[in-house]
Amino acid sequence: MSTDAGSGSKNPGAVQGDASPRSAAMPSSSRRQFLGGIAAGVAVSTESQAAAVPATATDEAFMREAIALARSADFPFGAVIVADGEVRARGRNLGKQQRDPTAHGEMVAIRRFLAQYGPEALRGTTLYTSGEPCVMCMGAIVWCGIARVVYAASIADMARRIGQIMITCTEVADKTPFLKVDVTGGVLSEEALALFPEK
Ligand SMILES: [Zn+2]
């Protein structure tokens, strides 16, 4: 759960963010633009560390699990962590039950994964979450070396229903020079968003 400035998540499989030369699909072209900027003496920003990648065929199935967890959560957020094509850890928001405001679905799933498999196994995994990760959860995702994040409802969409910190997970990834995180947004976003009451 977090925020998002750009919408565009109505479209299942639509990538979050923009179409600027930050797509990991074309690192060489991005690199060329970067070098071209230097050659021309133009100040250019560094390359983004986040890569917007399209949804895969299995993304919806895993997202359905995350959304199912959200249905029984204290606040409607659920997450699953997938490695080698299998769900290894599940989490749902337990903020009320645990009297812990940091018990977001992603955090619960990460802690369960760590307890069972350890931090080495967490690196390179994919995390599916019914709501775009907030800055806290995205920070944890980065520190754990999770390679890919797939979310349903964007922060911008959720902010119309529930309070959100208006910083996208892509923004957090972009500010992380030591790790590239692939981000896919908008997978089953309408289903996830329907769990929130209208404001
Ligand atoms: Zn969070």
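At what angle do helix α3 and helix α5 pack, and how far apart are their axes? In this predicted model, helix α3, formed by residues 105-117, and helix α5, formed by residues 135-144, pack at an angle of about 25°, and their axes lie 9 Å apart. Because angles under 35 degrees count as roughly parallel, α3 and α5 are therefore described as roughly parallel to each other. The crossing in which α3 passes α5 is left-handed. On the side of α3 the contact is made by Glu106, Met107 and Ile110, and on the side of α5 by Cys137, Ala140, Ile141 and Cys144. Sorted by class, the contact of α3 with α5 comprises 6 nonpolar residues, no polar residues and 1 charged residue.

The setting of this helix pair is given by the secondary structure of the protein chain, which comes to 8 helices and 6 strands. Read from the N terminus on, the elements of the protein chain follow the order α-β-α-β-β-α-α-β-α-β-α-α-β-α. Of the 199 residues in the protein chain, 43% are buried. Among the contacts between residues at least 6 apart in sequence, 68% join residues that are at least 24 apart.

The 6 strands form an open sheet with mixed pairing, in which the order is β1-β6-β5-β4-β2-β3. Strands β1 (50-52) and β3 stand at the edges with a single partner strand each, so that one side of each is left without a neighbour in the sheet. From one strand to the next, the twist averages 20°. Helix α2, which spans residues 59-71, packs on the sheet and touches β2, β3, β4 (126-131), β5 (148-153) and β6, and the direction of α2 makes about 145° with that of β2.

Strand β1 runs parallel to strand β6 (residues 181-184), to which it is joined by 3 bridges, and Ala50 has Val181 in β6 as its bridge partner. Strands β4 and β5 are likewise parallel, with 5 bridges joining them; here the bridge partner of Thr129 is Tyr151 in β5. Strand β4 also pairs with β2, in this case in the antiparallel sense and over 4 bridges, and Val80 finds its bridge partner in Tyr128 of β4. Strand β4 is mostly covered, since 6 of its 6 residues are buried.

One of the residues involved is Ala79, whose bridge partner in β3 is Gly91. The hairpin of β2 and β3 has 2 residues between the strands, and Asp84 is found in this loop. Although Asp84 is not a glycine, its phi is positive, at about 50°. Asp84 counts as exposed because it has 8 C-beta neighbours inside 10 Å, where the limit for an exposed residue is 12 or fewer.

A positive phi is also found at Arg99, a residue other than glycine, for which the value is near 50°. Arg99 lies in the loop between β3 and α3. With 8 other C-beta atoms within 10 Å, Arg99 is exposed.

Ile67 lies in helix α2 and counts as buried because it has 27 C-beta neighbours inside 10 Å, where 20 or more are required for a buried residue. When residues up to four places away in sequence are not counted, Ile67 touches Gly78, Ser130, Ala152, Leu188, Glu191 and Ala192. Ile67 and Ser189 are separated by 122 residues in sequence, whereas their C-alpha atoms are 9.6 Å apart in space.

Methods:
Residues numbered from 1 in each chain as written. Predicted model: local features only at pLDDT ≥ 70, side-chain atom pairs only at ≥ 80, totals over all residues. Pairing = 2+ DSSP bridges. Axes fitted to C-alpha atoms, helices over the stretch in contact; angles between N-to-C directions. Parallel < 35°, antiparallel > 145°, perpendicular 65-115°, else oblique. Left-handed = near helix turned anticlockwise from the far one by under 90°. Contact = placed C-beta atoms within 7 Å. Nonpolar A, V, L, I, M, F, W, Y, C, P; charged D, E, K, R; others polar.
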